[in-house]
Amino acid sequence: PAVDYKVDLRDIKFQLFEWLPTAELLEAEQFADWDLENIEMVLDEALKIAQEQMAPLNEIGDRVGAQWSDGEVTLPEGFKEAYKTVTEGGWIGLLANPEYGGMGLPELLGTAVNEFFNGSNVAFSLTLMLTRGVGHMIEGFGTDEQKQLYVEKVLMGEWAGTMCLTEAQAGSDVGASKTKAVKNEDGSYQITGEKIFITGGDHDLTDNIVHLVLARTPDAPVGTNGLSLFILPKIKLNPDGP
């Protein structure tokens, strides 16, 4: 059943279309395929998904939650269906570069859409946020090979993403992280350590989950300056894929 997730849509549209210079922003070459009418349609559809599919999952998410059995994690009924709607609609890649299958929309619209998604179901939306973050991170800082392997699959939601950051002794003090990364002869790294509180750390929404893991190389300085970020997929990939 639909849940009455309340949003002052008139106020949001006032801000986007009357107060902020969104029309002027859309004149930029990178947004040439978009106009105010299309932007408004995207906004309306995002709210519809939030109200009809995401908000109703809060109750079963609280009452049932993620279940672990025989080494596998499953999410409650309805989560897969909502995730399918999000991925098929390209919502994770809403702001992403069209080179990787994204819509290429402005951050301004993404802020409004994220407000709907996070407001209607923050638990579900955190997985979307981290997946989007992994895609953007690898696009911005990964090698060409890493970009080819991961970015489109992550930004299109075929694979999910996480950030493995927190350790038992390193919560708010991220610089106290002790997870080690030792380079192998083939250029890969052996990661040793323990991480906790990994949002979306395992589930049955996707076949693969791409973890970005904070770790420290042997000669790294203490504190946050000594931390590096490593790509650890749940299912190990070859250069041509899984």
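This is a predicted model: local features need pLDDT of at least 70, side-chain atom pairs count only at pLDDT 80 or more; totals for chains, interfaces and linings use all residues.
Q: Okay, which residues in the largest nonpolar core touch the most other members?
A: Trp-91, Leu-105, Phe-116, Phe-117, Phe-124 and Leu-128, out of 35 residues. A nonpolar core here is a set of buried Ala, Val, Leu, Ile, Met, Phe, Trp, Tyr and Cys residues joined through side-chain atoms within 4.5 Å. Buried means under 20% relative accessible area, exposed is over 50%, and partly exposed is in between (1.4 Å probe, protein chains only).

Q: Which element gives the largest share of this core?
A: Helix H3 (36-54), with 8 residues. Helices (H or I, at least four residues) and strands (E, at least two) are DSSP runs, numbered from the N terminus.

Q: And what does Leu-128 touch?
A: Leaving out residues up to four places away in sequence, Leu-128 touches Met-54, Tyr-83, Val-86, Ile-92 and Phe-117. Contact means heavy atoms within 4.5 Å.

Q: Switching to strands: is S6 buried or exposed?
A: Buried: 8 of the 8 residues in S6 (residues 209-216) are. Ile-209, His-211, Val-213 and Ala-215 cover one side, with Val-210, Leu-212, Leu-214 and Arg-216 on the other.

Q: Which strands pair with S6?
A: Strand S3 (residues 160-164) runs parallel to S6, joined by 5 bridges, and Ala-160 has Ile-209 as its bridge partner. Strand S7 (residues 227-233) is antiparallel to S6, over 7 bridges. Two strands pair if DSSP finds at least two bridges between them.

Q: New topic: how many salt bridges are there?
A: The count is 9, taking a salt bridge as a side-chain nitrogen of Lys or Arg within 4 Å of a carboxyl oxygen of Asp or Glu. One of them joins Arg-63 and Glu-59 (3.0 Å, N to O).

Q: Where do Arg-63 and Glu-59 sit?
A: In helix H4 (residues 57-63); they're 4 residues apart, so about one helical turn separates them.

Q: Which salt bridge links distant parts of the chain?
A: Asp-204 with Lys-80, at 4.0 Å, N to O. Asp-204 is in the loop between strand S5 (189-192) and S6, while Lys-80 is in helix H5, 124 residues apart.

Methods:
Residues are numbered from 1 along each chain as its sequence is written. Side-chain values use heavy atoms; hydrogens and water are left out.
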